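Subject: Handover of a structure and the findings on it

Dear colleague,

Please find below the structure that I am handing over to you, followed by an account of what was found in it.

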Amino acid sequence: MSLKHAVLAALLEGEASGYDLAKLFDVSVANFWAATPQQLYRELDRLSEAGLIAARVVQQERRPNKRMFTLTDTGLADLLAYTAHQPKPTAVRDDLLVQVQACDAGDTAAVREHVRERMEGARGKLARYRRMRERMLDGRDEETYLRESERVGPYLTLLRGMAFEEENVRWGERTLAVLGEREARRAAGDAGRAAPAR
């Protein structure tokens, strides 16, 4: 997937400024596609030059003018064609998993701390995603929302982000338990070997 299609998909929500899109990426798209504001602004320029989005300038008092972007018919057609293509398989590259893989020969205490940090980050994202879910549902149950909502894509990708972070927490808890038990056994063995013979 390219940033191009992530931006086009985000503009299905309606007209937005680059700042609005950066916020949208940060809170709802980041669970499946990360981009910096600088990357977004560069991509918006490319998409505008390609005719996939239209830009208009909004005059503002006491603040810089801002550009607002909308999808063009060409952009919608491009997005339609994109959704018909077979997606590439997910490829995972995770430094933490390499550290866990090597923990038997490495600094297990440091690896455990890295796992704790990952879990803390996952819990923070989960809390944010759950708040987003409640705002989307707006008092409705999920089935009512899915039946009545004009668009369900953002909700379904949010569910995937939640499931991913929930699994990060579950895996982290299991990993910490296993590494903790091994450390305790190793410490008990070291203490037994260090005890003087009677």
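Helix α3, which comprises residues 37-49, lies across β2 and β3. Its direction makes an angle of about 115° with β2. Please bear in mind throughout that the model is a predicted one.

The sheet to which these strands belong is open and has 3 strands, in the order β1-β3-β2, with antiparallel pairing. V57 has R67 in β3 as its bridge partner.

Helix α3 also packs against α1. The angle between these two helices is about 85°, and their axes are 10 Å apart. Because angles of 65 to 115 degrees count as roughly perpendicular, α1 and α3 are described as roughly perpendicular to each other. On the α1 side the contact involves L3, K4, V7 and L8, which meet Q39, L40, E43, L44 and L47 in α3.

The same helix α1 (residues 3-10) contains H5. Is H5 buried or exposed? Its relative accessibility is 12%, and since buried means under 20%, H5 counts as buried. The side chain of H5 makes a polar contact of 3.2 Å with the side chain of S2. A polar contact of 2.8 Å joins the side chain of H5 to that of D78. When neighbours within four places in sequence are left aside, the residues in contact with H5 are D78, L79 and Y82.

D26, V27 and S28 in α2 meet R128, Y129 and M132 in α6.

Y129 is also one of the residues in contact with E165, a residue of helix α8. Leaving aside neighbours within four places in sequence, E165 is in contact with A122, K125, L126 and Y129. With a relative accessibility of 5%, E165 counts as buried. How far apart are the C-alpha atoms of E165 and N31? They are separated by 9.0 Å, although the two residues are 134 residues apart along the chain.

Finally, the count of aromatic pairs comes to 1. The pair consists of Y145 and Y155 and is tilted, with 5.0 Å centre to centre and 45° between the planes. It links distant parts of the chain, with Y145 in helix α7 (residues 142-148) and Y155 in helix α8 (residues 153-194), 10 residues apart. Y145 is buried, at 6% relative accessible area, and Y155 also counts as buried, at 0% relative accessibility.

Yours sincerely

Methods. Residues are numbered from 1 along each chain as its sequence is written. This is a predicted model: local features need pLDDT of at least 70, side-chain atom pairs count only at pLDDT 80 or more; totals for chains, interfaces and linings use all residues. Side-chain values use heavy atoms; hydrogens and water are left out. Two strands pair if DSSP finds at least two bridges between them. Helices (H or I, at least four residues) and strands (E, at least two) are DSSP runs, numbered from the N terminus. Contact means heavy atoms within 4.5 Å. Axes are lines fitted to C-alpha atoms, for helices over the stretch in contact, and angles run from 0 to 180 degrees between N-to-C directions. Rings of Phe, Tyr and Trp (its six-membered ring) pair if their centres lie within 6.5 Å; planes under 30 degrees apart count as stacked, over 60 as edge-to-face and the rest as tilted. Buried means under 20% relative accessible area, exposed over 50%, partly exposed in between (1.4 Å probe, protein chains only). A polar contact is a pair of N or O atoms within 3.5 Å; within protein, one must be able to donate a hydrogen and the other to accept it, and residues adjacent in sequence count only if both atoms are side-chain atoms. Angles under 35 degrees count as roughly parallel, over 145 as roughly antiparallel, 65 to 115 as roughly perpendicular and the rest as oblique.
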